[in-house]
Amino acid sequence: METTYEEESANKSPSMIINRTGETEQLDRELLQVAKQTLFYMQYPRTCPIIPPQQPCPTREKVIIHCVRHAQAYHNLRENPDRRITTDPKLTQLGVKQALNLKATFTTTNVTHILCSPLTRALQTAQIAFEDVISQGLKVVAYPDLREHGSGPASTGTSLQELQRLLHNANQITDLSLVPEGWESNDKECKDERRIRARRVRKELWELGQEALKETGGKWKGYEVSRGAMHQNIEILVVSHGAFLQKMLGLKRMFWNCEWKSFEFAREDNQSGINKYYLKETGESRSRVSTPIRE
């Protein structure tokens, strides 16, 4: 059985515990006293030990965004005669296989937050592909602005009430706090509206990263957020859709089903005083070999 930080520390002799400054010890005591569920965590502090390094971190922690397109769903099947009339389609058998492959090959072990489109294919992808990450105590937070473009059946969601019913057995890992009533209706967005939503999501991801970097956690969209283990990067996992990710990231091509790439923020202040938040692909991500699974 996994032990909490306080239980593990209680079983150690003083000589086994890493020496800390009085300020760090006080912070740890305060965090343990307020251990509770937050938007992204089943419990904070997380169940894994929060042990600071013996040497100070040489550089400031980074905010990294891992972007994933959902696995293949029934509307992606060109041979499916109902592909254009299926509402909120689920994953195909190949889609499940793609998600399991991503689970086996996803190399990042320090994910601190998970955001996901509330459309069924994205939620299914997150729950399958990131089962190991979720088992550490993270929750999948449904974030409506990550939904796909378009107003057709495939871009139309499932009602909040029905989502709550369907996710009843998974309610410990899926948080619908950000999903409003009536979200499922997706009005057709014009070109400018798509650009505005993409920019809003980039800005809110940046804000989440900055709030999570705070040692005692901060607030994002009105909810408490925490950073998980101390002294590590903030790594936000975003599960979304091909057309939206292409627009948000300014890419020349759409992600393949279940493809993932990693990005860092490059913030620029233009002369009009409006901050723009750009995401640049990391060097590690650019060198990553990605091959689509098609059968």
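This is a predicted model: local features need pLDDT of at least 70, side-chain atom pairs count only at pLDDT 80 or more; totals for chains, interfaces and linings use all residues.
Colleague: Why is strand β1 described as largely enclosed by the rest of the structure?

Modeller: A residue is called buried under 20% relative accessible area, exposed over 50%, and partly exposed in between (1.4 Å probe, protein chains only). In β1 (residues 63-69), seven of the seven residues are buried, so the strand is largely enclosed by the rest of the structure. Val 63, Ile 65, Cys 67 and Arg 69 point one way from β1, Ile 64, His 66 and Val 68 point the other way, and all are buried.

Colleague: What makes β1 and β7 a pair?

Modeller: Two strands pair if DSSP finds at least two bridges between them, and β1 and β7 (residues 234-240) have seven, in the parallel sense.

Colleague: Why are Arg 200 and Asp 145 called a salt bridge?

Modeller: The term asks for a side-chain nitrogen of Lys or Arg within 4 Å of a carboxyl oxygen of Asp or Glu; the N to O distance between the side chains of Arg 200 and Asp 145 is 2.8 Å, and they therefore meet in a salt bridge. The pair links distant parts of the chain, with Arg 200 in helix α7 (residues 191-212) and Asp 145 in the loop between β3 (140-142) and α6 (160-166), 55 residues apart. Asp 145, at 17% relative accessibility, counts as buried, whereas Arg 200, at 33%, is partly exposed.

Colleague: How do you know that Glu 204 and Lys 221 form a salt bridge, and which parts does the pair tie together?

Modeller: Their closest N and O atoms are 3.3 Å apart, and the pair therefore meets the salt-bridge rule. Glu 204 lies in helix α7 and Lys 221 in the loop between β5 (218-220) and β6 (223-225), so the pair ties together parts that are 17 residues apart in sequence. Glu 204 is buried, with a relative accessible area of 13%, and Lys 221 is partly exposed at 38%. By this rule the count comes to 13 salt bridges.

Colleague: Why are the buried residues of α8 said to line one face of the helix?

Modeller: The buried residues of α8 (residues 242-249) are Gly 242, Phe 244, Leu 245, Met 248 and Leu 249. Seen down the axis of α8, they fall within an arc of 165°, so they line one face of the helix; the arc is that of the directions from the helix axis to the C-beta atoms.

Colleague: Which residues touch the most other members of the largest nonpolar core?

Modeller: A nonpolar core is a set of buried Ala, Val, Leu, Ile, Met, Phe, Trp, Tyr and Cys residues joined through side-chain atoms within 4.5 Å. Of the 62 residues in the largest such core, Leu 115, Phe 130 and Met 248 touch the most other members, and the largest share, six residues, comes from α7.

Terms used. Residues are numbered from 1 along each chain as its sequence is written. Side-chain values use heavy atoms; hydrogens and water are left out. Helices (H or I, at least four residues) and strands (E, at least two) are DSSP runs, numbered from the N terminus.
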